[in-house]
Amino acid sequence: MAKSTRYDTLFTPIKIGPVLAPNRFFASPHSTGHGWTEPKGAIALRAMKAEGGWGTVAVGLTEISPNSDYANHPMERLWDDSDVPRHSLQVNEIKKHGALSAIELGHGGMQSRNLTTGLPIIGPSNLSVLRPEIPSQSRAMDLTDIKLFRNEHKAAVKRSIKAGYDIIYVYASHGLSILSHFFSINTNKRSDQYGGNFENRIRLLKEVLQDTLETANGNVAVALRFSVAEPDKPNGISHQEEGRDAIEALAELPDLWDVNLSGWPKDSQTSRFADEAFQLDYTNFVKTITSKPVVGVGRFTSPDLMLSLIKKGQLDLIGGARPSIADPFLPNKIKNNQIENIRECIGCNVCVSMDAYGVPVKCTQNPTISEEWRKGWHPETPPISSNKGSHLIVGSGPAGLECAVTLANAGHKVTIAEARDYIGGRVADEATLPGLKAWERVKDYRVYQLSQKKNAEIFLSSKMTLTDIEEFGADTTTIATGATWRHDFVGSTNFDPICTKYKNILSPDDIMLKKFSCPESTKLIIYDDDHNYMASVIAEKLLKEGHEVTYITPLPTVATWTQYTLEQPAILERLKSCGIIFKLNFKINKNLEFLDTINNEKLKINSKDLVFVGGRTPNDKLYKKYIKLHAQENIFLSGDCLVPSTIQAAVLSGHQVARKILSRGKSVLYSMREQTIF
Ligand code: ADP
Ligand code: SF4
């Protein structure tokens, strides 16, 4: 494959203190959900990024000591020497591919939980800790505590050097670091030399940075990860004031600046609320202040944008956490001029939700993530299968498309039959809703892959019947026919259908497929018993079309599940700005009345149109008809028609079915497990 010259700048090495990064692709620190208890999974995931061409691969937040205990939130640990061998292995696996390895050392301060160690949580001041689930306060550190913390940080730096890391981070970002807690006037209420004015509040950060530089002694590089602004916090840091002052005060100290926004919901905004490069408005001043290299993030997936950022000198390194999860091979694809093959992050934050659950990360675009070690899955290398078959896939949603791509990549013949006159199933429909355009990438990536293969065909306007499947006579048939939104009020909090006399009960399908039209300014109710994003995007669409919308939910919060994707505050803001009326804690009853779940009062509301966003019914009739007459070995259910769930789950399901077909029915659910052997 001819090498691209257009993007050569992205592949020029750059010096970071005493080390040389081979290119400008920097896999930013993020937790993988494996934590220190499942190191093999975490190591294989990070090594995959190095294999895919990321010139620097950073390890996510690593607790430096027992009083920075995040359990049961799976972070990395480097508490003592017993942790070093695990990290050495990680370093070796990353370096094997020619990448630099970095480690983000951190102390959670008022964000620590200390549930396993039982040690007092520490911070600048005696205040409630910054975790609502912990009914405790932090101890205001005295000068002895501060000295101890600095010594613990130095010890962790020494252990990082011993493990072989090339770059060692000082972490002061996301409001997740004790150093941020000392810096912020919101959490630092001290009156000694570590509190009060700017010089005092930044003192500890400066001392820890200097300690780290001294310990590194020019043998490894020292990075500072710093949030220049906290746009979502009252009295938060601003990039025009103290955020900038901090960069000026420490400008030439670190070997590398890694700059971003705080808190995490602002740093990891979804595509619904922020475009690619959204952080640059805040961070691009940094290069004008320091001569040291700067890495920044912003869900970068476009090679041209990356190139222009480096050429214009806005950044020296392109940071990517989500883009490197969605496509660990993004740099190599740019290098090899295979840009159309990039599996672009869609900015949905399902990966982030897994972090909240404390489980290994999953991704809508990359079904192989976290399965590198457990199942030996590789994002680019197809499974080996000797006997090539012919496979029919019914339905071209995310499940059908992923199943087809995986089979086609393994050299099998695939035929997709799609009932509608367009490809993509739910992603094609949902991408028409406000803010969800980027979700088309799930379809686009896969359709392009199939278009490049002689062994893959897609037939539109081909609604398959049982006879059609029988006549087609494929070796296997995968039914990926999706699910239909219900109208009968069965949802998360109600399992019994309600017989409705409302004339206009609409579902998200009715709205997306435009089976509904009514004059502007109609009053509409949206009853959300799904609690994910759907009711909020439907509400946004109808509000923007000029309707008066009342959002009703039986739960006490709006779009409750979206707290896991960090979107809930942004959803509230957006809907409020569009003039929505919220009615929380109201549950529908059999008479189609809304009753307050706390005091049973009836909601007086007058609207003949109601959109119900609740459960979905799997479209599995075809499958059921088939298995009444035929053996089950050669037919598979996949995606939402197996179990209605997220797009990520549908993609993974399509991938699993393909692997099952390729392994001739062997279970793909088997995973290696990381166990302590006695
Ligand atoms: P998933 O999320 O599981 O991939 P989707 O709902 O996104 O499911 O996609 C299902 C697709 O299957 C839709 O595009 C739908 O038009 C198509 N489909 C449903 N029934 C049939 C059928 N009998 N023949 C062909 N295509 C079908
Ligand atoms: Fe991007 Fe969504 Fe994958 Fe996260 S889960 S990396 S946001 S595509």
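Reader: Where is His531 found?
Author: His531 is found in the loop between strand S20 (523-528) and helix H20 (534-544). Helices are DSSP runs of H or I with at least four residues, strands are DSSP runs of E with at least two, and both are numbered from the N terminus. This is a predicted model, in which local features need pLDDT of at least 70, side-chain atom pairs count only at pLDDT 80 or more, and totals for chains, interfaces and linings use all residues. Residues are numbered from 1 along each chain as its sequence is written, chains are lettered from A and ligands numbered from 1 in the order in which they are written, and side-chain values use heavy atoms, without hydrogens and water.

Reader: Does His531 count as buried or exposed, and why?
Author: Its relative accessibility is 5%, so His531 counts as buried (buried is under 20% relative accessible area, exposed over 50%, partly exposed in between, with a 1.4 Å probe and protein chains only). Buried residues make up 60% of the 678 residues in the chain.

Reader: What makes Ser461 count as exposed?
Author: Ser461 has 52% relative accessibility, and therefore counts as exposed. Ser461 lies in the loop between strand S16 (456-459) and helix H18 (466-472).

Reader: How does the radius of gyration of the chain stand against that of a compact globule?
Author: A compact globule of 678 residues would have a radius near 26 Å, and the chain has 26 Å, so the two agree. The radius is taken over C-alpha atoms, and the globule rule is 2.2 Å times the number of residues to the power 0.38. The C-alpha trace spans about 75 × 65 × 55 Å along its principal axes. The chain has 23 helices and 27 strands.
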